[in-house]
Amino acid sequence: MRITILNGNPDASNTAFDDYLERLSGVLMSDQHEVAVIQLREMDIKYCTGCFGCWVKTPGECVVADDSHDVCRAVINADFALWASPVIMGFYSALLKKVTDKFIPLVHPYIVVDQYEAHHLARYDKYPLVGLLLEKGDDADNKDIEIISDIHGRTALNMKSKMSFTKLTLDSVEEVAREITDAVSGL
């Protein structure tokens, strides 16, 4: 199985978070999974300006020349995408938010009604399952985690996918790896 981990940790001095993801990647690779950990803070990713050029001018790809093209390819070609971030001021990092905004080229601009809601048409035949991993800081509470999880669940739904779980870095690496494996094996 191909797993893409988006490391939304903006602070290189937060080595505990990066180490957690490295250990998680090691456990998954030891189970014969192909794992790509993308360090978002090391990439040149511009903000989405809402120009919709990704639908009109360059369908399926952002018109801005940045590394979001590589991130989108890694995500859409994965069986599972793990969005990982510390909770900062009650929300996931602005870095991860910036990247998830750049996923809009992964769907068509056309709208369909699904379960009484308006959603975009799929651009691809297959989308990865999604999981969320958060590092809960001292200033975060359970309501913050619930709100972040709900928002990412809606983002996954709009991306023609499903949110498999929300876990915290307080959970063991083995437990998170098991959740990922179980989610994909349930397909």
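Predicted model: local features only at pLDDT ≥ 70, side-chain atom pairs only at ≥ 80, totals over all residues.
Residues are numbered from 1 along each chain as its sequence is written, and side-chain values use heavy atoms, with hydrogens and water left out.

**Cores.** I then looked up the largest nonpolar core, of 31 residues, in which L6, L40, V71, W83, F103, L134 and M159 touch the most other members. Such a core is a set of buried Ala, Val, Leu, Ile, Met, Phe, Trp, Tyr and Cys residues joined through side-chain atoms within 4.5 Å; buried means under 20% relative accessible area, exposed over 50%, and partly exposed in between (1.4 Å probe, protein chains only). Two or more residues of this core come from each of α2 (53-56), α3 (68-76), β3, α4, β7, α5 and β8, where helices are DSSP runs of H or I with at least four residues and strands are runs of E with at least two, numbered from the N terminus. The largest share, four residues, is that of α3.

**Helix α5.** I checked the length of α5 (residues 142-158): at 1.5 Å a residue its 17 residues should span 24 Å, and the end C-alpha atoms are 24 Å apart, which agrees; the expected span is 1.5 Å times one less than the number of residues. Its buried residues are D144, I145, I148, H152 and A156. They lie on the same side of α5, because they cover an arc of only 105° around the axis, taken from the directions from the helix axis to the C-beta atoms. I found them packed against β3 (80-88), β4 (91-92), α4 (94-101), β7 (129-135) and β8 (163-168). At the N-terminal end D141 caps the helix, with a side-chain oxygen 3.1 Å from the backbone nitrogen of K143, and after the helix comes K160, whose phi is positive, near 65°.

**S161.** In the loop between α5 and β8 I looked at S161, which counts as buried because its relative accessibility is 14%. Its contacts, not counting residues up to four places away in sequence, are Y127, P128, L129, V130 and A156.

Definitions and conventions
Contact = heavy atoms within 4.5 Å. Polar contact = N/O pair within 3.5 Å; in protein donor to acceptor, adjacent residues only side chain to side chain.
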